[in-house]
Amino acid sequence: MSDPLYPFSEIEQAVQRRWKEDNAFRVRRSESGPKYYCLEMFPYPSGRIHMGHVRNYSIGDAIARYKRMRGFNVLHPMGWDAFGLPAENAAILRGIHPADWTETNIAHMKEQLQKLGLSYDWSREIATCHPDYYRWNQWFFLKLLEKGLAYRKEALLNWCDSCATVLANEQVEEGLCWRCGNPVRLRTMEQWFLRITDYAEDLSKGLESLEGWPERVRTMQANWIAPSTGALIDFRIEPPSSRSLSSEIVTVFTTRPDTLFGVTFVTIAPEHPLLETLLEDSPEKIPARSFIEKTLRARTHHNREEPEKEGVFSGIFLRHPLTGDRIPLWIGNFVVASYGTGAVMAVPAHDQRDYEFARKYDLPVRQVILPPGQERSPQLEKAITDDGILFDSVSFSGLSGDEARAAITAHLEKTGQGRMKKTYRLRDWGISRQRYWGTPIPVIHCPSCGIVPVPESDLPVLLPRDIHFTGKGGSPLADHPSFKSVPCPSCGGVGQRETDTMDTFIDSSWYFLRFAGIEDSPRDRPFSPEALSYWTPVDQYIGGVEHAILHLLYARFFTRVLFDLGLSPVREPFRTLLTQGMVLKDGSKMSKSKGNVVDPDQLINEYGADTVRLFTLFSAPPDKDLSWDDKAVEGAYRFLGRLYGRVDSLLEEFPEAGSLETATWKEGLSPEASGVRSKIHETIRKVTVDLENNAQMNTAIAGLMELLNTLSNFQGNAQSEETESRRWVLVSGYRTLLLLLSPFAPHIAEHLGDRLGLGGSRHHGWPVPDDRALVRATVPFVIQVNGKLRATLTFPPDAGEETVSEGAREDERVIRALAGQTIQKTIFVPGKILNFVVRPA
């Protein structure tokens, strides 16, 4: 790159040194002003920040800086979501201990963030892999266990027989183990769960209060929780199996009990716990078990695409609860045991999925509902899913849908064959992970006492450092004798410590509370109650929409649990949510595999941090995707270079500008100077409104670029202006511009602000528009000839076409442009433009 347009490197290093020396962004509770808690989702320390990070953090930093200038006591912290699978994979592949890999990455990424000049209170920095953080994960777990919100049950996991280990979904590639390439299967194992379903109704209703969240995110969460009211209906297994069953019924859940008389088969999940015993006596056990194995293996592919619906007859029959008819039990690949009851009643005439399945396998279709205005058809071409009047439904025939649902459910309850039930799509949260790099689950398995919680006084249960990583045999903690084998806290006998670690979503479900309460947290609590009462909830939370469901839902659940435990003063953690768009290049998301990654460090070295920040904020609204444009980066750089040059010129003309006191108002300005003053105050109003209304930073920055143009034109074209008025307008104009620019490009704003006597823009309040300046005595009119700009002249706002035309034709620049031309017509836009359309005379 050629010589820089301005010395950004020296400026940014000097300003950042000053911020560090002054502890500029360290914050504590205060009674002197309102609080504001601004938080971006903290990153996983993968090693390097990417442009998505830069955009996210630049948005948050602009908001934090703006709020400080508005007089808020701003909490703006940063930390590291430091547990996770990549660190363990690095240990396996490269022989680097996860802790060392993580700490090295944190150090590098912190240096990168500091180069961007982000206004974080680093005194609150946390890393979730540190014992002083994860001990509280364990403490919370014990509280949940005590309240019955943590429990253990069997669940299906990805299992590689070759490596003898459990795999995360991310470690399964097209059904094969990422490490050895052998097929992966699903295996049932004991897992720990949190009863998030106990809070499903509250989480669903709470969405109504989140007016500061995007509607899209609220809808996504509502659809994930998905409450539905219906009935649980029991189908008795027939004939009774000769083997001992845990249950002699198959229970289904349906929202359409009015269609019960149209049931022609029941479909059960291939992993349903009853199936293994049922199939022992089934004549179809060989094809059924083959289908189950095939289906469960296919599920390890974790494809997002819906698989083709397939099934097999189990060889088992059930009895219809009201008619006594024999109903075949099918096994379907589209039913999962973790949703509902793991079995569904199939009504092909009134459910399109069941209809397609029935046609595929030549199963009966029995219509029992007739919508208004339709006639019964002997052959349905598709399912009839609308409500209607029941027929062929014994005593319930003739009832409407609502009447039938209530009456049939009541009859099932009376006869002990069913009951009304409100259920949710939301499932309990499985938190067990069979790996090392996570929070150890604080329980001990004792042969005599069962599951025994680790005493609180023994927390934290530390991860041992002396671990050998092979990638085989499950969690390496299971092979660490001194970690695994411990005395039972209850009886003193030999017990085994739990070797699963916690899902890393636990770490991110309360970190925002730790940030707020860490300033004076007591030793026996994870955070200070007084600090939480002051700082929470988070006023502005910023992150990608990909976290709309799991992270945000778990954080809402965790905050509610802590509220019920008396530990959190709020039930909802985030008052306002901004989901920033992705950074795209060549039409797709940046990724190493696509070769379209832009290195932030390289950009900072070439253009400076302020340019990088300004580009990411200007190029698109915060909630929209940003398409990478090298020319736009250059444009942001040129804008800052031009600003630097204009302030240099101003100080050459008025060396005393740095010590000049400028009154907020000056009388006796010329019409042109008065117009510039109006533009200054209009810009203050515009930028303020843009930042207050959904942080529309791109339009705010556009307004600053317009103001620089106005000041530059006045600076270059108003040499005849009375000196004192000219100096007053330019000094007050550039000072205002720098204050307004400060949230977006803080280094150059502070440096130039120092030179113009501001003493550092961060020490100043936000400018306030003067209503007197917003009432313009004159406004600029653009004068064009055949669409080309020839002059900008000022006239009263209500000046008519004749007045503007006469004034324009007296201007020397316009006179020259019209010489030798015949005016054919004029195009006039009141208050804005006059265009002479001409042809040669």
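Student: In this predicted model, which residues does Tyrosine 511 touch, not counting residues up to four places away in sequence?
Tutor: Contact here means heavy atoms within 4.5 Å. Residues up to four places away in sequence are left out of the list. What remains for Tyrosine 511 is Leu39, Glu40, Met41, Phe42, Ile126, Tyr133, Tyr541 and His551.

Student: How many residues has the largest nonpolar core?
Tutor: Tyr511 belongs to this core and, with Tyr734 and Phe744, is among those with the most contacts inside it. Another core lies apart from it, with Ala231, Phe261, Val312 and Val347 among its 36 residues. The largest nonpolar core has 174 residues.

Student: At what angle do helix α18 and helix α20 pack?
Tutor: Two packed helices are described by the angle between their axes and the distance between the axes. Helix α18 covers residues 630–653 and helix α20 covers residues 697–717. Their axes are 11 Å apart, and the angle is about 35°.

Student: Is the crossing of α18 and α20 left-handed or right-handed?
Tutor: Residues of α18 including Phe639, Leu643 and Leu650 take part in the contact, and those of α20 include Leu704, Met705 and Leu708. By class, the contact of α18 with α20 has six nonpolar, four polar and two charged residues. The crossing of these two helices is left-handed.

Student: What percentage of the residues of the protein chain count as buried?
Tutor: Buried means under 20% relative accessible area. The protein chain has 841 residues, and its secondary structure comes to 25 helices and 32 strands. The share of residues that count as buried is 53%.

Conventions: Residues are numbered from 1 along each chain as its sequence is written. This is a predicted model: local features need pLDDT of at least 70, side-chain atom pairs count only at pLDDT 80 or more; totals for chains, interfaces and linings use all residues. Side-chain values use heavy atoms; hydrogens and water are left out. A nonpolar core is a set of buried Ala, Val, Leu, Ile, Met, Phe, Trp, Tyr and Cys residues joined through side-chain atoms within 4.5 Å. Buried means under 20% relative accessible area, exposed over 50%, partly exposed in between (1.4 Å probe, protein chains only). Axes are lines fitted to C-alpha atoms, for helices over the stretch in contact, and angles run from 0 to 180 degrees between N-to-C directions. Helices (H or I, at least four residues) and strands (E, at least two) are DSSP runs, numbered from the N terminus. A crossing is left-handed if the near helix is turned anticlockwise from the far one by less than a right angle, and right-handed if clockwise. Ala, Val, Leu, Ile, Met, Phe, Trp, Tyr, Cys and Pro count as nonpolar, Asp, Glu, Lys and Arg as charged, and the others, Gly among them, as polar.
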